[in-house]
Amino acid sequence: MASPDQGNKKLRILLIPFFATSHIGPFTDLAVHLAAARPDAIEATVVVSTANASVVRSVLARRHADNKAVRVATYPFPAVDGLPPGVENLSTVTAADAWRITVATFDEAQVRPRQESLVRELSPDAIITDMHFVWNAAVAADLGVPCLTFQVIGVFATKAITDLQSSSRAGLLRDTITGGAVALPRLEGEGGPEILIPETELPEFMRSQEILDTSVMDRITSNAARCFGRAVNTFLDLEPGYCEAFATSLKPGPTYFVGPLALSPAGGRAAEAAEKVGGSSPCIDWLGRMPSRSVLFLCFGSLTHFTDAQLVELALGLEDSGKPFLWVVRDDTWVPPKGWVERVGERGMLFKGWAPQTEILEHPAVGAFVTHCGWNSVLETVSAGVPVLTWPMDFEQFIIERLLTEVLAIGERLFPEGAGVRSTRREEHDLVSADVVARAVARFMEPGGGGDVARGRVKELSARARGAMAEGGASHNDLKRLIDDLMQARTERSRSKLMA
């Protein structure tokens, strides 16, 4: 790779995401927003392992008309026992092998030299890094450039996890568990009942040290504190009060709330351009034949894995609900129960493979969304103004569910309280029966039901999301402030060199 052009006066920003599509997508969106905000002054490059370059290019092609404003640079992924060559993304591994990528991520001896070599070659003016790569603060300091962390999840879950971690380190977390549940920390002075979460629904790293030593979380926190600042893919009105509390609790350095990044800089949808790459999706064609707000959309992200038994129960529950549905299934080898397709008929569509989620959510036929509570999906459904039925499975998703159902009240749990055990460990998670699915869907989708009640609230949030990203909105202003601060840092760095 050629050395950077020393005559290039643009601010060169490198963005380094974690090995997961759910991280690479928002980092790419942020790169596009940075480049679009100051096309004459910003050069944004997304830095990924070799096999993940296609993920970046796919995001650019689907969501952004001007996809040539962002560059892609690659470094080799380390060899990992049990992973075949080219498997470098959590979205492309089986549930049984996901831990291999997680462990490799924090192997500084293997990953840091590969990343650092490329970073030094590209000679950036600033680095925006995923928190997983705890060494990039030190690399940036050695280069004399600012390093920011970019957080792809919101602050409600982050604050809850951070506070629970503090209790754990102090030996108090076990003492706070009552009846098998812990109370998520509320804001000071905030009213309302306690937000409880069973121990089984806590993130795996808080329950066990078998895969990832909890000291890694301490390294993430301490290295983030060394950074110039942090950016977050959220907006002030989505997590009211929590954004302010998050910003004031993390010092030094500023916090920039720059989301939702799936919206365009003008505050509209960064549309998934199916029409630009070969015509409309079959999903959109099918939705076009359905009545307004009649369809339940189900999609569980790139990391969620269901057992065959659970897929069967879900299929039968959707059939028994009597409601139209569009169900995206990640496993392209799964076959529904015999006769199911014929019985469902035109009322339902089972779609395998990638589907244009943002475009689907924007479609007027969609009345509700069954979501795993991944943060990207949360931002997309809020931006579209679609209420949710929640079905969390992993990581911080159970905590995010509480934000949606108990704080914002823009949806309901699909698996109701008391119906069975839910867990971040698949072997502990009870089967959600067809009867439970059918009742929850029918109740939520019926006229005057929970979906209609939640829709008014999420529609208001949708308007605020677009306002945040529009010219003069809070997120738009924070993005501009971020750019201004990085440019000022470069100016001060140049001045210091001249004076040295």
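Author: Helices (H or I, at least four residues) and strands (E, at least two) are DSSP runs, numbered from the N terminus. The model here is predicted, with local features requiring pLDDT of at least 70 and side-chain atom pairs pLDDT 80 or more, while totals for chains, interfaces and linings use all residues. Residues are numbered from 1 along each chain as its sequence is written, and side-chain values use heavy atoms, without hydrogens and water.

Reader: What is the strand order of the open sheet of six strands?

Author: Strands of a sheet pair through backbone hydrogen bonds, parallel or antiparallel. Two strands count as paired if DSSP finds at least two bridges between them. In this sheet the order is 12-11-10-13-14-15, and the pairing is parallel. Strand 12 (348–352) and strand 15 (411–413) are at the edges; each has a single partner strand, so one side of each lacks a neighbour in the sheet. On average, neighbouring strands are turned by 20° against each other, direction ignored.

Reader: How many bridges pair strand 14 with strand 15?

Author: Three bridges, in the parallel sense, pair strand 14 (residues 388–390) with strand 15. Leu-389 is placed opposite Glu-412 of strand 15.

Reader: Which strands does helix 12 touch?

Author: Contact means heavy atoms within 4.5 Å. Angles run from 0 to 180 degrees between N-to-C directions, with axes as lines fitted to C-alpha atoms, for helices over the stretch in contact. Helix 12 (residues 308–321) packs on the six-stranded sheet, where it touches strand 10 (295–298) and strand 11 (325–329). The direction of helix 12 makes about 170° with that of strand 11. Helix 16 (residues 397–407) lies across strand 14 and strand 15, at about 125° to strand 15.

Reader: At what angle do helix 12 and helix 17 pack?

Author: The angle is about 40°, and the axes of helix 12 and helix 17 (residues 434–445) are 7 Å apart. Angles under 35 degrees count as roughly parallel, over 145 as roughly antiparallel, 65 to 115 as roughly perpendicular and the rest as oblique. Helix 12 and helix 17 are therefore oblique to each other. A crossing is right-handed if the near helix is turned clockwise from the far one by less than a right angle, and left-handed if anticlockwise. For helix 12 and helix 17 the crossing is right-handed. Among the contact residues are Leu-314 and Gly-317 of helix 12, and Val-437 and Val-441 of helix 17. By class, this contact has eight nonpolar, two polar and two charged residues. Here Ala, Val, Leu, Ile, Met, Phe, Trp, Tyr, Cys and Pro count as nonpolar, Asp, Glu, Lys and Arg as charged, and the others, including Gly, as polar.

Reader: What order do the strands of the open sheet of seven strands have?

Author: The order is 3-2-1-4-5-8-9, with parallel pairing. Strand 3 (70–75) and strand 9 (255–257) are the edge strands, each pairing on one side only. Strand 1 (residues 11–16) and strand 2 (residues 42–49) run parallel and are joined by five bridges; Arg-12 has Glu-43 in strand 2 as its bridge partner. Helix 5 (residues 136–143) packs on this sheet, touching strand 1, strand 4 (126–129) and strand 5 (147–151).

Reader: How far apart are the axes of helix 4 and helix 5?

Author: They are 11 Å apart, and helix 4 (residues 108–122) packs against helix 5 at about 30°. That angle makes helix 4 roughly parallel to helix 5. Their crossing is right-handed. The contact has four nonpolar, two polar and four charged residues by class.
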